[in-house]
Every structure is written in C-alpha cells, then in structure tokens.
Amino acid sequence: MRDSRRARLILALLLLTAFTLITLDFRSGGGGPLRTIGNAVFGPIERAANAVVHPIGDFFASLGHLNSYKSDNKKLKAENQRLLEQLRLTDADRAHLDAAEKLLNLAGRAQFRIVAARVVAYGSSLGFESTAEIDVGSNDGVRRNQTVIDGDGLVGKTISVGPTTSTILLGNDPNFTAGARLEGSSREIGHVDGAGRNDPMTFTLLGTRTTMVAGDRLVTFASIGDRPFVPEVPIGRISSVKPTAGQLFSIGVVAPYVDFGSVDIVGVVIAVPRTIKRDSLLPPRPTPSQPPTPTGTPSPGSTPSGSPSPSRSLSPTPTGTP
C-alpha cells in the first residue's frame, strides 16, 4: 500500500511539474531557459522511446505492403520472360528473312516463278529415308515432280502433293538422282546421287573424254519438259575424285551447297524462262587471299631503308636504242 501511495504521489508531482513548465513556457512565447531545461531533461527520454517505437511501427507498416511487393516481383519476372521470348523470336525471324532474301535473289536472277514455302517437318515418309514437309500444296499451284530450291541451290523435288501441304524428296536420300553438268561445259554431263544422311552425294561423269578435278562445280541439267528438274540450279562442288582405273565413268564426291538437315525457306519452281544464261546462278568463287609480306623482307622493287630510291623515267626508250 505504501509503495502504491508513493507511486501515485510521484506521478502527481511529475504532472504538476509538467503543467507548470508548459504554462510558463507558453507565457514566455515558447523560448527561453525553461524550454532548454525541458529539452535537456526530457529529450533523451523521448529519443530513446522513438528509437524503440519507430522501427516497430515501420515493421508493422511494411506488412501491409508485403503482398504488393510480391505481386510486383511476379510482374517483373513475367515481363522479363516475355522480353526474352521476343528476343528469341526476333532472332528466328531474322534468320527467316535472310533465307527468304537469298531465295528471292536466286529466283530473281534465274527469272523462275516459284511458290515460296516453309519446311514444317523432317522425317522418313512414303518409303524414303530423307523427306521434308512444306506448308504449300495444290491450292497454291504446286504439282508432283517439281524442282525445289532454296537460296543456296538444289533442295530436292516434290513427290507428294496435297491441297495445303507437300512432301519433298531431299537430295541426300539414297533414291535421289538428278541430271547434272560440269561448270563451263555443255556436254560434260552425268548424274548426282544421294547416298543417305551420313554419306556424301556423288557425281558420275558419263563418257571418258573429260576428266574432273576437285573444285569443279555442278549445276542441274534440265529434264524433259523441265520436270522434275529445271536447268542451271547450283548443286555443289567436287571435293574429291574416286580412283576409277579401267572404268568407263569418273565418280566424284560432291559437297552440296545446301545443308539438307537445316533447310527452312524453300521455293517450288512452277515456271522457268525459255533460256537461262549458262552458269549464271553459281555463287561467286572465293577470292584467294594474298599471303602477308614477312616483316623485314623488302617487297619486289623496293629499296632498303635509308637508301635513295632510283628515279623512274616516264619517257619511252627510243626505238632501236641498244
């Protein structure tokens, strides 16, 4: 009881003191030594209380925004994923555009009429090992036994045509054969043959008057009525020649221009001009690079450093002068 009374007495004295200080401070205009004394006495207590109360208040206030933070985080992750998908789509679209431009360039130089298509599936169908499905068919003017090209050259031929899709026999199939001609000739002809997905194409040169060497290039030799193959489509180059001693035909290994495993944008040739300039569709030959001059070795016609260069006469030597 005594402790309770003493506590109530102390509390009353503190309240009376506070009331007195507030009254005097109000009368003095809010300044003066009483305010200073009050700040000095009660300021540390107030700051200590704030240091404890404010973090707790901030913590409970942040709980109300926690769900909002989680929602924003999910939105940012979803947006980031969407942008990454757009970036990948942009890369794919750029590859499609490049392939389409190459195809249109080749068809334009040849003046071929084509039906552009996209390969939608690879596989083995209709009893063949290497085939591809394209997204055009008879509704688009495509027929069986028509030449199929891309921007690099010969892809194959159509073997089955539906209203909206068609099947291509690819050039690396073991059953694929096409008439071919050596670049720069008119009668040096033969046929290219597929050998399967894991083996290279070959070219058989008919006749024995002409020999072929590595680096020779091949184009298609037209079929009767340009079906299934139109003329002058680039096929590839001879990478090596097989030994054929005592045989009537020469056989070369062919490195095709087309990568049959990654064909994307193709064109089915539905009409050709009456004539095509011979070898005009072959790609430019690579320019051989000049070997760099070794350091310190003077090039022909140069003089050592520090030596005067001989003067050149621009006047011609008189006729008959020894």
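# Reading the strands and the aromatic pair

The protein chain exposes about 21,600 Å², of which carbon and sulfur atoms supply 58%; accessible areas come from the Shrake-Rupley method with a 1.4 Å probe, and for residues only the protein chains shown count as cover.

Visitor: On what basis are the values given?

Guide: This is a predicted model, in which local features need pLDDT of at least 70, side-chain atom pairs count only at pLDDT 80 or more, and totals for chains, interfaces and linings use all residues. Residues are numbered from 1 along each chain as its sequence is written, and side-chain values use heavy atoms, with hydrogens and water left out.

Visitor: How many helices and strands does the secondary structure of the protein chain contain?

Guide: Helices (H or I, at least four residues) and strands (E, at least two) are DSSP runs, numbered from the N terminus. Here the protein chain has three helices and twelve strands.

Visitor: In what order do the strands of the barrel close?

Guide: Two strands pair if DSSP finds at least two bridges between them. Six strands close into a barrel in the order 1-2-5-4-3-12, with antiparallel pairing. From one strand to the next, the twist averages 45 degrees; axes are lines fitted to C-alpha atoms, for helices over the stretch in contact, and angles run from 0 to 180 degrees between N-to-C directions. Within the order, strand 3 (residues 147–149) and strand 4 (residues 154–161) run antiparallel and are joined by three bridges. Thr147 has Lys157 of strand 4 as its bridge partner.

Visitor: Which residues stand opposite Arg181?

Guide: Arg181 faces Ile189 in strand 7 and Val219 in strand 9. Strand 6 is joined to strand 7 (residues 189–193) by five bridges, in the antiparallel sense, and pairs with strand 9 over three bridges, also antiparallel. The hairpin of strand 6 and strand 7 has six residues between the strands, and Gly184 takes a positive phi near 80 degrees there.

Visitor: How many aromatic pairs does the structure hold?

Guide: Rings of Phe, Tyr and Trp (its six-membered ring) pair if their centres lie within 6.5 Å; planes under 30 degrees apart count as stacked, over 60 as edge-to-face and the rest as tilted. The structure holds one such pair.

Visitor: Are Phe176 and Phe229 buried or exposed?

Guide: Buried means under 20% relative accessible area, exposed over 50%, and partly exposed in between (1.4 Å probe, protein chains only). Both Phe176 and Phe229 are buried.
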